[in-house]
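Open the model in your viewer and keep the selection panel handy. The stops below run in order.

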There are 2 protein chains.
Amino acid sequence: MINLNPLTQPPNQADLLLTHEAIQPFIHRTPLMTSANLDEMAGCKLIFKCENFQKIGAFKMRGAASAALRFTEGERAKGLATHSSGNHAQAVAMAAQTLGVPAYIVMPHDAPKVKIAAVKGYGAEISYCVNTPKDRQEALDEVVLKTGAVFIHPYNDYGVIAGQATAAMELIEDTPGIVLDLILAPVGGGGLMAGTALAARYFSVQAEAWGAEPSNVDDAARSLVQGTVQSNVTNETVADGLRTNLGDKTFAIIHKRVPKILVVSEEEIVTAMRHIWERMKIIIEPSCAVPFAAVLRYPELFAGKNVGIILTGGNVDVVSLPF
Amino acid sequence: MINLNPLTQPPNQADLLLTHEAIQPFIHRTPLMTSANLDEMAGCKLIFKCENFQKIGAFKMRGAASAALRFTEGERAKGLATHSSGNHAQAVAMAAQTLGVPAYIVMPHDAPKVKIAAVKGYGAEISYCVNTPKDRQEALDEVVLKTGAVFIHPYNDYGVIAGQATAAMELIEDTPGIVLDLILAPVGGGGLMAGTALAARYFSVQAEAWGAEPSNVDDAARSLVQGTVQSNVTNETVADGLRTNLGDKTFAIIHKRVPKILVVSEEEIVTAMRHIWERMKIIIEPSCAVPFAAVLRYPELFAGKNVGIILTGGNVDVVSLPF
């Protein structure tokens, strides 16, 4: 296992290359897919990076592995800990399993049973808490105090950001014959968005990284306009992976490197998701559909361009779909 | 465009190689996928050939193209015709579009709107009929008489069988490091099953081709036992692509080349389908899940083996799922 140095500032090009090498035992090299149908619908050339086929079913595997490897073996021997009801919980659990150390996950007691089962399936120990930010943090602090495990934040961490950047790095590497104009990612806490922006800056000839966000939780779009981190007033969106707020570390990178964050409605997200299911025959989470929804909503911004889109994950409850 | 000779007997090895070359403008080379999760569940090594990513969303594109190219340009100039409410209708429509000739499709008037729209989307002209075999045939005869179009049978045709064989050919070609023990296909009319058996015989070191079928429509399994073509007593199965009966041409090949056809229950099909959706994050039709359901039902037959499975298609109505 290759160990990585802790990062106290945004990762540079060399950091990202080392990160990608180090996390190989934790990840699949996910395929790219294209669709003549969707290109015609969108009026541009779309290249989808299929992180729905990633281990644990989402790109979060990359960031969790990257962060875990920045602790020394001694530091991580007592385990990895986090609070999450989503893909980050599974990613930390699987990273710990791969490293042969315990995982401690704080989850809201009303988290979907399927998510709880998945986390248990990777051998993690779960602590339940009331579903408020304060209760989660207190429960996590208690777990860390009791076990000596190290905490991996879901997004506001340079190690996590470096890991998430590797999805766009692979997208760029695996399209040698194509000059990408844009790489789109959805924005929740901003880990993927920040990483994608850094990867575009360091490894692409000319691609800009743009974000896409549900208008119901448009904290990132407003933060970009205001120049300071703004909060969401609700977390009601079908794109359950994007309910979180930007952190200071992710915002600083996004503010500097991401020129545009587009917002879309709930209906547009569901329509875009259904198009991808029906035309591409792949299962994606609602969050994944947000960038494609933005392409369909603002066609004049994309006309004739080569557009990479990170499809972030495929963990969706198939018995409870939004269409 | 490469033209092919008509086949008056089962295709030989050279026929299949020529067929594969000729149909290139009509098909994608679909990817193979594997899943550590499903391997563990099954106790064997599974290699999935993803024809759900094929043009028109199903392997039927191969057979329709192969059959269409066996008519002379003069013969097919007046169009291609068939009766089908399923993937074969879309395949013939798209083959005609690619060849620049008209397509005439007879469909039951109560066919799903989404299927009718898809066929229209490929520029075909649709004639509606009452949904009985007799009415379909009469409506088809009338269309052929009126238009001069040539008829492409959905499965009981050596040209179609040669086309369907190319899916297993690619599966074998694309697994150079693996000695396949078995290649599984679902059995409806038997075009894919017959083609798969021929491909295994001609191109694999040792793979046998086995079939899998819903027990509700187990005509093929009973035909194999009886040695003559048996009929289904119902067409009630969730695996809507497998409701048809074997034909004489497909049966003769299957009888000679397929040692085993396994049957599974409706519940087993739905469970297997859901496993593939949830673990592999791909959209497959219920018919596709039948071979994997057989692997789960008869684990002792597959333990430790290398098993290829043809995933036949992904055209499913996502708002009306069986789970």
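**Stop 1: helix H6 of chain A**

Select the buried residues of H6(A): they pack against helix H5 (87-99), strand E4 (103-108) and strand E5 (125-129) of chain A. Helices (H or I, at least four residues) and strands (E, at least two) are DSSP runs, numbered from the N terminus. Contact means that two C-beta atoms, placed from the backbone, lie within 7 Å.

A note on the source: this is a predicted model, where local features need pLDDT of at least 70, side-chain atom pairs count only at pLDDT 80 or more, and totals for chains, interfaces and linings use all residues. Residues are numbered from 1 along each chain as its sequence is written, while chains are lettered from A and ligands numbered from 1 in the order in which they are written.

Now pick out Lys115(A), Ala118(A) and Val119(A), the buried residues of H6 (residues 113-121) of chain A. Buried means 20 or more other C-beta atoms within 10 Å of the residue's own, exposed means 12 or fewer, and partly exposed is in between. The three cover an arc of only 95 degrees around the axis, so they sit on the same side of H6(A). That arc is taken over the directions from the helix axis to the C-beta atoms.

Turn to the face pointing away from the buried side. Lys113(A) and Ala117(A) are exposed there. Then step past the helix: Gly123(A) follows H6(A), with a positive phi near 85 degrees.

**Stop 2: two helices of chain B**

Select H1 (residues 13-22) and H8 (residues 158-173) of chain B. They pack at an angle of about 85 degrees, with axes 9 Å apart. Axes are lines fitted to C-alpha atoms, for helices over the stretch in contact, and angles run from 0 to 180 degrees between N-to-C directions. H1(B) and H8(B) are therefore roughly perpendicular, a label for angles of 65 to 115 degrees.

Show the contact residues. H1(B) brings Asp15(B), Leu16(B), Thr19(B) and His20(B), and H8(B) brings Ala162(B), Gly163(B), Ala165(B), Thr166(B) and Met169(B).

**Stop 3: both chains**

Show A and B together. Chain A can be laid on chain B with an RMSD of 0.0 Å by a turn of 180 degrees and a shift of 0.0 Å along the axis. The superposition is by least squares on C-alpha atoms of residues with pLDDT of at least 70 in both copies. That is the relation of a two-fold axis. In chain A, the C-alpha nearest the axis belongs to Ile282(A), 2.1 Å from it.

Finally, select the interface: 14 residues of chain A are in contact with 14 residues of chain B.

Terms used:
Angles under 35 degrees count as roughly parallel, over 145 as roughly antiparallel, 65 to 115 as roughly perpendicular and the rest as oblique.
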